[in-house]
Amino acid sequence: MFKSFFPNPKWFFGSLLLWFAVNIALWYSGGSGWGTFLGFPQGYDAVELPIGVSRFWSPAFLWFYLWFGISAAAFALCWRAKSNNPWQGWSVWGSAFILFNIWFGVQVSVVVNAWYNPFYDLIQKMLSTGGGDVGQLYAGIMTFLYIAMVYVTAAVFNLFFVSHYVFRWRTAMNDYYTRNWGQLRQIEGASQRIQEDTMRFARTMEGLGVSLVEAMMTLLAFLPVLFSLSSHVQQLPIVGAIPHALVWAAISWAVLGTAVLMLVGYKLPGLEFNNQMVEAAYRKELVYGEDNPERADPLTLQELFGKVRFNYFRLYFHYAYFNLVRIWYMQLDNIYGLFVLFPSIAAGAITLGLMMQIINVFGKVRESFQYLIASWPTIIELLSIYKRLKAFESALDK
């Protein structure tokens with residue numbers, strides 16, 4: 001699953017995490033200002049960034065683009081010297097490109113969040129003072145549209161690239177398994193595992209990986225903002241006054257939801273795996289019956305389909321209460337951010353623009369902490385596919 005596409009997966013992913021941590025440590029310990037050695041203006045990293053598309057070619061951003069490119073090239077060249085995996089052009093450089101696009105999308109969200117405060121404060125001012133210059137409203141909306149155009153263009157291009165990335169990963173797995181077809185052909189469901197499971201595994205793994213990295217980067221970008229905005233919110237409902245109230249409110253709510261959903265959904269991965277097995281057994285008997293009249297008789301098919309039905313009914317039952325809990329939690333989550341601000345709104349401690357900014361930041365941080373909640377059904381599906389392919393590969397290991 002991994003060694004066909006990535007060079008020496010265990011060491012590759014370990015070194016990737018280490019290199020990622022080293023770069024983050026260097027950047028936040030002063031590296032963001034090292035661009036002055038290359039001619040960037042003094043203090044460029046401390047200047048307040050503009051709220052608009054010009055932020056993306058400001059000196060601070062240009063220095064990050066250069067930093068990321070050098071860092072990615074150094075990592076890729078080291079693995080090129082260490083490994084001769086034919087797919088590492090896609091697996092190393094492609095992963096770096098996807099990582100950069102995720103970071104860029106998060107930065108667009110940061111700009112949009114910064115736009116909320118002045119724009120909605122402007123609306124509140126006009127409503128409370130009897131009006132104002134409509135041109136300012138048009139200018140504010142155009143700023144948002146320019147940012148959105150940049151985001152949409154980058155996002156569509158990234159989706160196009162990711163589609164090719166996923167298919168290359170599937171191709172690498174397909175080539176690996178077909179080279180060893182002689183050892184694998186006797187295994188139950190071998191054709192399905194090569195044709196379907198490789199496609200589903202690559203697509204699902206990439207989707208979950210992108211979501212995880214995006215959640216981590218969103219936390220890095222928005223937690224400091226939420227921390228500073230907590231100075232405007234001193235009181236929480238029920239709890240009362242606590243330091244850094246917004247941060248604690250986001251973390252506690254996400255941890256509670258994650259724990260509850262993991263508890264109610266712990267049986268689902270095993271049931272999904274069993275479902276794949278009984279479906280494969282039923283399909284295999286039907287395929288044998290196409291060429292051999294002695295196979296796929298009605299009694300055998302009835303017995304095999306009975307197992308399919310039994311497992312599906314169990315899945316329906318367990319998914320029923322799992323989805324009930326999950327959907328209720330997500331519905332409550334929609335109003336949780338506003339609920340947290342009720343004491344501050346009632347006290348008149350925040351403006352409309354600040355309220356919209358806090359709700360947006362609060363939602364971003366909550367969504368990042370809720371990665372497992374949002375991804376749990378997909379994780380369940382991935383675990384079942386992984387079990388099938390792992391059992392498949394065990395024949396080669398032996």
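Predicted model: local features only at pLDDT ≥ 70, side-chain atom pairs only at ≥ 80, totals over all residues.
## Tyrosine 65 and its partner

Tyrosine 65 has a relative accessibility of 23%, so this residue counts as partly exposed. The ring of tyrosine 65 pairs with the ring of phenylalanine 100. The centres are 5.8 Å apart, the planes stand at 70°, and the pair is edge-to-face.

The two partners sit in separate helices. Tyrosine 65 is in helix 2 (residues 59–82) and phenylalanine 100 is in helix 3, so their pair ties together parts that lie 35 residues apart in sequence. Phenylalanine 100 has a relative accessible area of 19% and is buried, because the cut-off is under 20%.

## Other aromatic pairs

The structure holds 41 aromatic pairs. One of them joins phenylalanine 12 and phenylalanine 13: the ring centres are 5.2 Å apart and the planes meet at 80°, so this pair is edge-to-face. A pair of aromatic rings is described by the distance of the centres and the angle of the planes.

Are phenylalanine 12 and phenylalanine 13 buried or partly exposed? Phenylalanine 12, at 2% relative accessibility, is buried. Phenylalanine 13, at 31%, is partly exposed.

## Glutamine 88

Glutamine 88 belongs to helix 3. Its relative accessibility is 2%, so glutamine 88 counts as buried. Its side chain makes a polar contact with the side chain of serine 83, at 3.3 Å.

## Helix 4

Helix 4 covers residues 134–179, 46 residues in total. From first C-alpha to last, helix 4 reaches 68 Å, close to the 68 Å expected at 1.5 Å a residue.

Which element gives the largest share of the lining? Helix 4 does, with nine residues.

The lining has 22 residues. Nearest the centre of the pocket are Asn101, Gly105, Tyr151, Ala155 and Glu214. By class, the lining splits into 14 nonpolar, five polar and three charged residues.

Notes:
Residues numbered from 1 in each chain as written. Heavy atoms only, no water. Helix = DSSP H or I, 4+ residues; strand = E, 2+ residues; numbered from the N terminus. Expected span 1.5 Å × (residues − 1). 1 Å grid on protein atoms, 1.4 Å probe; cavity = no way out; pocket = protein on both sides within 12 Å on 5 of 7 lines; lining within 4 Å. Nonpolar A, V, L, I, M, F, W, Y, C, P; charged D, E, K, R; others polar. Phe/Tyr/Trp six-rings, centres within 6.5 Å; stacked < 30°, edge-to-face > 60°. Buried < 20%, exposed > 50% of the residue type's maximum accessible area, 1.4 Å probe, protein only. Polar contact = N/O pair within 3.5 Å; in protein donor to acceptor, adjacent residues only side chain to side chain.
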